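I opened this notebook to record what I looked up in the structure. The entries go from the whole chain to single residues.

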Amino acid sequence: MTEHTLTPNSSSPHHVIIVGWDSRIRTFFARVYHDAPGATPENVLWEGINTGEYTNASDILALVTPYTDTTTVNIPKLTAALNEDQRISRYAPKSRNNAATRW
């Protein structure tokens, strides 16, 4: 499973935004949770938990864009990275399929 952590926008400074490709269940996933200091983390969004649910990177990114600082996160490059994660997941070494990056 690849994991890309995105920079939140100023309206969502305490959100943690994660997207990636889960090769085991063949779906893109997105998770957004609120993680303010002194509070219990609270899920805001969690998609891509069922087999084959999201097979298009753009669809999953559309869900997290409202929380993301798009001046910092290059969405076209992130889309390309997610598509590459999906494309090579069957052939890549385990370390590549478990890669984590920050945007």
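**Entry 1: the chain as a whole.** I note that the model is a predicted one. Along the sequence I read the pattern β-β-β-β-α-α-α-β.

I then looked up the overall dimensions. The C-alpha atoms fill a box of roughly 40 × 25 × 25 Å along the principal axes. The radius of gyration is 13 Å, and this agrees with a compact globule because 103 residues would give a value near 13 Å. Of the 103 residues, 40% are buried. The chain exposes about 6,000 Å², and carbon and sulfur atoms supply 51% of that area. Among contacts with a separation of 6 or more, I find that 48% join residues 24 or more positions apart.

**Entry 2: strand 1 and its partners.** Which strands does strand 1 pair with, and in which direction does each pair run? Strand 1 is joined to strand 5 (residues 100-102) by three bridges, and these two run parallel. Three bridges also join strand 1 to strand 2 (residues 15-22), here in an antiparallel arrangement.

I stayed with Thr5, which is placed in strand 1 (residues 3-6). Thr5 counts as buried because its relative accessibility is 14%, below the 20% cut-off. Leaving out residues up to four places away in sequence, I find Thr5 touching Ile17, Ile18, Thr101, Arg102 and Trp103.

Entry 3: I located His14 in the loop between strand 1 and strand 2. Is His14 buried or partly exposed? His14 counts as partly exposed, because its relative accessibility is 36%. Setting aside neighbours within four places in sequence, I list Tyr33, His34, Asp35, Ala36 and Pro37 as the contacts of His14. I also checked the distance to Pro41, 27 residues apart from His14 along the chain: the two C-alpha atoms are separated by 9.7 Å.

Arg26 is in the loop between strand 2 and strand 3 (27-34).

Entry 4: I found Asp69 in the loop between helix 1 (57-64) and helix 2. With a relative accessible area of 18%, Asp69 is buried. The Asp69 side chain makes a polar contact with the side chain of Thr72, at 2.9 Å. Not counting residues up to four places away in sequence, Asp69 touches Thr7, Pro8 and Asn9.

**Entry 5: helix 2.** Helix 2 covers residues 75-88, 14 residues in total. From first to last C-alpha I have 20 Å, close to the 20 Å expected at 1.5 Å a residue. At the start of helix 2, a side-chain oxygen of Asn74 comes to within 3.0 Å of the backbone nitrogen of Lys77. Which residues of helix 2 are buried? I list Leu78, Thr79, Ala81, Leu82, Asp85 and Ile88 as the buried residues of helix 2.

Notes:
Residues are numbered from 1 along each chain as its sequence is written. This is a predicted model: local features need pLDDT of at least 70, side-chain atom pairs count only at pLDDT 80 or more; totals for chains, interfaces and linings use all residues. Side-chain values use heavy atoms; hydrogens and water are left out. Helices (H or I, at least four residues) and strands (E, at least two) are DSSP runs, numbered from the N terminus. The expected span of a helix is 1.5 Å times one less than its number of residues. Buried means under 20% relative accessible area, exposed over 50%, partly exposed in between (1.4 Å probe, protein chains only). A polar contact is a pair of N or O atoms within 3.5 Å; within protein, one must be able to donate a hydrogen and the other to accept it, and residues adjacent in sequence count only if both atoms are side-chain atoms. Contact means heavy atoms within 4.5 Å. The radius of gyration is taken over C-alpha atoms; the globule rule is 2.2 Å times the number of residues to the power 0.38. Accessible areas come from the Shrake-Rupley method with a 1.4 Å probe; for residues, only the protein chains shown count as cover. Two strands pair if DSSP finds at least two bridges between them.
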